[in-house]
Amino acid sequence: MKTLTIKLTAPLQAYGNEASFERRTSWPAPSKSAVVGMIAAALGMRREDERIKSLNDLAYAVRVDQIGKTMTEFQTVEWKPGTRKLTYRDHYQDAVYVAAVGSEDEELIGKIEYALKHPRFQLYLGRRACPPAAFCGLKVLRIRIQLKCWKICLGRQKSGIKISKSGRQNLRLKLLLTRIYCQMLLLHKP
């Protein structure tokens, strides 16, 4: 498996949570869909592009290195002709996150790394008003873990332990995310 870690830092970041016309809140950390959307933009995919669905298969983990301070802004918008309303949007100021995406498809991770360094569309961290400060923290690592329990969970080694197919799939995901998180701790120390 090849994994790409991405340090996400900017003066403002916002990752959509609840949204109504008048109020838009933000998750305290980037969601997988936010990072996948940013990767899709870097690769030059438009919203209606079917290839975006394949990016949902990426393994994903996120670490909070610096908790941001919540800031609420307001905007005056013309809701109907002649009618103006105030809307409120939450952002996180000066937050720092490390997101990791991984795949067995090493070529895809290479393309993503290149695209983030040379994006086709403007990148932003949640909302268009939140451009990234830089992607100086891009790192790629190929992981090879030969733990006996990993092999047992995948059914590649006899252990006498019976695990259902859905149980093996859940274990695969948990072990994969654990591997990515451990890698993140090694690569990006706050």
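Trainee: In S7, which residue is the bridge partner of arginine 23?

Mentor: Tyrosine 88 in S7 is the bridge partner of arginine 23. The model is predicted: local features need pLDDT of at least 70, side-chain atom pairs need 80 or more, and totals for chains, interfaces and linings use all residues. Numbering runs from 1 along each chain as its sequence is written, and side-chain values use heavy atoms, without hydrogens or water.

Trainee: What makes S4 and S7 a pair?

Mentor: Strands (DSSP runs of E, at least two residues, numbered from the N terminus) pair if DSSP finds at least two bridges between them. S4 (residues 23-26) and S7 (residues 83-93) have two bridges, in the parallel sense, so they pair.

Trainee: How do you know that S3 and S4 pair?

Mentor: S3 (residues 16-19) and S4 share two bridges, so they meet the rule, in the antiparallel sense. Glycine 16 stands opposite serine 26. A hairpin of three residues joins S3 to S4.

Trainee: How many aromatic pairs are there?

Mentor: One. Tyrosine 15 and tyrosine 97 form it.

Trainee: Why is this pair called edge-to-face?

Mentor: Ring centres of Phe, Tyr or Trp (its six-membered ring) must lie within 6.5 Å; planes under 30 degrees apart are stacked, over 60 edge-to-face, the rest tilted. Here the values are 6.2 Å and 80°, so the pair is edge-to-face. Tyrosine 15 lies in the loop between S2 and S3, tyrosine 97 in S8, 82 residues apart.

Trainee: Why does tyrosine 15 count as buried?

Mentor: Buried means under 20% relative accessible area (exposed over 50%, partly exposed in between; 1.4 Å probe, protein chains only). Tyrosine 15 has 4%, so it is buried. Tyrosine 97 has 0%, so it is buried too.

Key: Helix = DSSP H or I, 4+ residues; strand = E, 2+ residues; numbered from the N terminus.
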